[in-house]
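Me: I'd like a close look at one part of this model, please. Could you walk me through it in one connected answer?

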Amino acid sequence: MSESSARLLAPLLRTVPSAGALVVGTVRAGESSVVCRGPAVDADARFELGSVTKTFTALLLADAVARGEARLDDPLITYLPPGARPRWSSDVTLLHLATHTSGLPRLPAGTLRTALPAWYSNPYAGYTEQRLFALLGRTRPHARPGTRVLYSNLGVALLGHALARAAGMPYPDLVVARLGVPLGLTMTTCDPNGPQVTGYLRGRPRPPWDMPGLPAAGALRSSGTDVTRYLAAHLDPSGVRPASLARALVDVRRPRLICPGGGDRLCLVWNLRVRRGHDLIFHGGATRGFTTFVGFSPQTGVGLAALVNRATGDRGPFIQVAYDTLRALADDADGA
């Protein structure tokens, strides 16, 4: 790691207490490195990604479009099983789901009743795919599709189900087959039973995060090595095969709309912020025991992944410091 990278990463490395586990991966000028902090943690240790999972779902969507399996303007109702096709699903498209403009609520109907007993540990473990589809008719949109940006775990979860149906395989298998194998992401799966770092909330260990009914919204876990490799592919997809995935890696970062107030853009799931001379494309995530951040700047060739086994929230200080670090790395590269 260069001296300038070490200096710019220092504030991020200081955000985690000595007992915590932190992995920071960087990509600069085509070179990748992973820094680990904490006991018994290395670059291959698995962390829960939370909503960073959604960026993988977006890439699967772009890949499906490139393969001709789906189109962005396909209505959701096309991919729902018989008996789980509420009237509103004919107006919601796959693009609406990937840009949080479906109008759907953050969580599906019946979630709280299932989640509350385990709200601070594993709230979605009892919410199955069968329950999701059984209760989908009770879900009521909060806005007409395409009229408002409303962040929706439900929307991206339904996108994952649609892509799985189009491909003819379950979402966890689809991630491995379409992204994990070609990109060499050997530690990236939805499996809550595999070895992983223990997560903590307010000093207490949390059980592995499980989202059987909503995997595309937040069930993935991955390692510092894998997530850094994932960002490197976004920065330089030229050698990626198959060709559909290489095209998807470019298409996924194309801005689709401008967010009201502030001027940030939304790509397929990814947030995009325009800086002088370059863009920052990023997303954060959190579970009950982990907080994560990933981001990259295509023009400067910089990428940053930060994974910590502490629940600080997707709007907490860790996410902000990680974003500030990405911005500093990109500014430094842009001025070099």
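Does F47 count as buried or exposed?

Reply: Happy to. F47 counts as buried, since its relative accessibility is 0%; buried means under 20% relative accessible area, exposed over 50% and partly exposed in between, with a 1.4 Å probe and protein chains only. Keep in mind that this is a predicted model, in which local features need pLDDT of at least 70 and side-chain atom pairs count only at pLDDT 80 or more, while totals for chains, interfaces and linings use all residues. Residues are numbered from 1 along each chain as its sequence is written, and side-chain values use heavy atoms, leaving out hydrogens and water.

F47 also has a ring partner. Searching the whole structure gives 6 aromatic pairs, where rings of Phe, Tyr and Trp (its six-membered ring) pair if their centres lie within 6.5 Å, and planes under 30 degrees apart count as stacked, over 60 as edge-to-face and the rest as tilted. In one of them, F47 and F290 have ring centres 5.9 Å apart and planes at 80 degrees, so they are edge-to-face. Because F47 is in strand β3 (residues 46-48) and F290 in the loop between β10 (278-286) and β11 (291-297), the pair ties together parts that are 243 residues apart in sequence. Helices (H or I, at least four residues) and strands (E, at least two) are DSSP runs, numbered from the N terminus. F290 is buried too, at 2% relative accessibility.

The pair F56 and Y230 is stacked, because the ring centres are 3.9 Å apart and the planes lie at 0 degrees. Here F56 belongs to helix α2 (residues 53-67) and Y230 to helix α9 (residues 224-235), distant parts of the chain 174 residues apart. Both partners are buried: F56 has a relative accessible area of 1%, and Y230 has 0%. Elsewhere, F282, F293 and Y323 are linked by ring pairs into a cluster.

Helix α2 has a helical neighbour as well. It packs with helix α10 (residues 243-251) at about 125 degrees, the axes being 8 Å apart; axes are lines fitted to C-alpha atoms, for helices over the stretch in contact, and angles run from 0 to 180 degrees between N-to-C directions. That makes α2 oblique to α10, given that angles under 35 degrees count as roughly parallel, over 145 as roughly antiparallel, 65 to 115 as roughly perpendicular and the rest as oblique. Contact (heavy atoms within 4.5 Å) involves residues including L59 and A62 of α2 and L245 and A248 of α10.
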